[in-house]
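This report describes the fold of one protein chain and then turns to one of its elements. Please keep the sequence and the structure in view while reading.

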Amino acid sequence: MIDERYRCAAEDRAAQRAGLGVKVRYEDIGERLMKLRKIAWDRYGTTALWYVPPHATYATMEEVADGLRCNGDLQAAYLAAAILREIKARNDRAA
């Protein structure tokens, strides 16, 4: 169950596709990435992330960043950069 603070359009998208067997996978990606995920999906879900699965995983967050850079506006590109910085920071701490 997701913390309601982080519930976003990704969960809504998965709920719409539940009949197709789509379930959101969650990893411990940290509070900051969950916040960035919420911002990305709520602002750009239908325009820049239409093809990205709704999972909260590092791999999917990299896809989110790619979608934001390729299909979003300048603010989306800044958001993508913030996502990639946070992924790198979390991976560096884990190493």
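Contact, as the word is used for packing in this report, means heavy atoms within 4.5 Å. The model is a predicted one.

## Overall fold

The protein chain holds 4 helices and 0 strands, and from the N terminus on its elements run α-α-α-α. Along the principal axes, the C-alpha trace spans about 40 × 30 × 20 Å. A compact globule of 95 residues would have a radius of gyration near 12 Å, and the 13 Å found for the protein chain agrees with this.

## Burial, surface and contacts

Of the 95 residues in the protein chain, 42% count as buried, a term that here stands for under 20% relative accessible area. The chain exposes about 5,700 Å², of which carbon and sulfur atoms supply 52%. Among contacts with a separation of 6 or more, 62% are accounted for by residues 24 or more positions apart.

## Helix H2

Helix H2 comprises 15 residues, 30–44, and reaches 21 Å from its first C-alpha to its last, which is close to the 21 Å expected at 1.5 Å a residue.

Within H2, the buried residues are Gly30, Leu33, Met34, Leu36, Arg37, Ala40, Trp41 and Tyr44. Because they cover an arc of only 165° around the axis, these residues lie on the same side of H2. In general, an α-helix has 3.6 residues a turn, so residues three or four places apart point the same way. The buried residues of H2 pack against helix H1 (9–16), helix H3 (58–71) and helix H4 (74–94).

Notes: Residues are numbered from 1 along each chain as its sequence is written. This is a predicted model: local features need pLDDT of at least 70, side-chain atom pairs count only at pLDDT 80 or more; totals for chains, interfaces and linings use all residues. Side-chain values use heavy atoms; hydrogens and water are left out. Helices (H or I, at least four residues) and strands (E, at least two) are DSSP runs, numbered from the N terminus. The expected span of a helix is 1.5 Å times one less than its number of residues. Buried means under 20% relative accessible area, exposed over 50%, partly exposed in between (1.4 Å probe, protein chains only). The arc is that of the directions from the helix axis to the C-beta atoms. The radius of gyration is taken over C-alpha atoms; the globule rule is 2.2 Å times the number of residues to the power 0.38. Accessible areas come from the Shrake-Rupley method with a 1.4 Å probe; for residues, only the protein chains shown count as cover.
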